[in-house]
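The following note sets out comments on the structure shown below. The points are numbered so that each can be checked against the coordinates in turn.

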Amino acid sequence: MLSDKSIAKRATNTKYKTRIGWYNSVLSPSLQLSYPDDTLAVVVLSTPDMFEQAFLPFLERREYKGLCDPIDQCVRHYVTSAVSQCFPGQNVDVSYDCEMLPNRKPKFLAQTAAHVSGATFYYQQLDVTDQPWAEKKMYGVCVHPRFGGWFAIRALLVFVDVTVGSELVQPAPPDCVPSREDRIQLLEAFNFRWQDWSYRDIVPPVQTYSQKQRDYFSTPPAQRFALLKTWGFLPSEGDPPDPTSDAQCQVGGHG
């Protein structure tokens with residue numbers, strides 16, 4: 001059995017750790033998480049090679065059960081396995097980026113969590129001075145200092161019984177798009193041309209998605225089962241499973 005101290009040490013050795021208070025401090029009360037401020041949490045990201053190294057082998061082993069989107073179920077499989085192996089018997093609340101509450105709000109704001117943990121910088125409209133968009137709403141996007149936009153935020157692990165003190169210092173998010181011009185370029189590419197992938201290259205990435213992965217995520221979610229069948233990863237007989245049948249996976253897997 002791991003002690004609380006050893007759990008905290010193992011979890012805080014991960015790169016993208018945070019305190020619930022950091023997350024809650026930048027959100028309105030209706031969006032805050034109901035844990036004490038000093039509760040430890042960890043943000044889980046996937047990198048570009050997740051598709052070939054985790055997702056396709058997951059399908060090849062026929063572990064996909066057709067209950068929700070294949071990517072979402074794959075992430076659940078690996079996160080659940082990692083938590084049970086690394087923190088056996090511990091109280092870890094896991095929230096996935098695909099999960100929604102009954103009021104249709106997300107269980108957690110993934111980009112905010114990644115920003116306050118120092119994993120990424122969450123570039124928003126308010127980060128641009130003298131905005132050129134007048135009253136138009138521009139959605140924000142996270143950028144990773146090494147992967148640019150070629151990554152995804154997958155889950156938040158909350159270590160319910162583990163508290164951290166002043167020894168855990170909040171890191172500054174990596175501002176890898178510092179100029180006003182580049183921030184405008186980033187937000188316009190994300191909001192107006194997200195399908196062409198260009199916003200992901202706002203910083204030179206060390207790795208990008210393979211062509212096969214791009215083909216998968218460029219395919220509308222309802223057509224991805226057919227694509228996986230043509231690749232030989234799903235049985236060809238019968239109708240494709242309904243990706244909305246699992247109440248825990250209400251948004252299709254994304255990249």
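1. Strands β2 and β6 pair over 8 bridges in the antiparallel sense. Thr39 faces Thr163 of β6, and Val44 stands opposite Ala155 in β6. The model is a predicted one, and the remarks here should be read accordingly.

2. Both of these strands are mostly covered. In β6, 9 of the 12 residues are buried.

3. The two strands belong to an open sheet of 4 strands, ordered β1-β2-β6-β3 and paired antiparallel. Its edges are formed by β1 (17-19) and β3 (92-96), each of which pairs on one side only. From one strand to the next, the twist averages 25 degrees. In general, the strands of a sheet pair through backbone hydrogen bonds, in either a parallel or an antiparallel arrangement.

4. On one side, β1 and β2 run antiparallel and are joined by 3 bridges; Thr18 has Ala41 of β2 as its bridge partner.

5. Helix α4, comprising residues 70-86, lies across β3 and β6. The helix runs at about 165 degrees to β3.

6. Which residues touch the most other members of the largest nonpolar core? That core holds 57 residues, and the residues in question are Val43, Phe55, Leu59, Ile153, Leu156, Phe159 and Tyr216.

7. Leaving aside neighbours within four places in sequence, Tyr216 is in contact with Phe51, Phe55, Pro70, Ile71, Arg224, Leu227, Leu228 and Trp231. Tyr216 also belongs to one aromatic cluster, together with Phe51, Phe55, Trp150, Trp197, Tyr209 and Phe217.

8. The count of aromatic pairs comes to 14. Why is the pair of Phe121 and Tyr123 classed as stacked? The ring centres of Phe121 and Tyr123 are 4.2 Å apart and their planes meet at 25 degrees, so the pair is stacked; the cut-off for stacking is planes under 30 degrees apart.

9. Two charged side chains are placed over tryptophan rings. The charged end of Arg200 sits over the ring of Trp150, 5.4 Å from the ring centre. Trp150 is one of the members of the aromatic cluster described in point 7. Lys212 lies over the face of Trp231, at 4.8 Å from the centre of the ring. Trp231 is in turn among the residues in contact with Tyr216.

Notes. Residues are numbered from 1 along each chain as its sequence is written. This is a predicted model: local features need pLDDT of at least 70, side-chain atom pairs count only at pLDDT 80 or more; totals for chains, interfaces and linings use all residues. Side-chain values use heavy atoms; hydrogens and water are left out. A nonpolar core is a set of buried Ala, Val, Leu, Ile, Met, Phe, Trp, Tyr and Cys residues joined through side-chain atoms within 4.5 Å. Buried means under 20% relative accessible area, exposed over 50%, partly exposed in between (1.4 Å probe, protein chains only). Contact means heavy atoms within 4.5 Å. Rings of Phe, Tyr and Trp (its six-membered ring) pair if their centres lie within 6.5 Å; planes under 30 degrees apart count as stacked, over 60 as edge-to-face and the rest as tilted. A charge sits over a ring if NZ of Lys or CZ of Arg is within 6 Å of the ring centre and within 35 degrees of the ring normal. Two strands pair if DSSP finds at least two bridges between them. Axes are lines fitted to C-alpha atoms, for helices over the stretch in contact, and angles run from 0 to 180 degrees between N-to-C directions.
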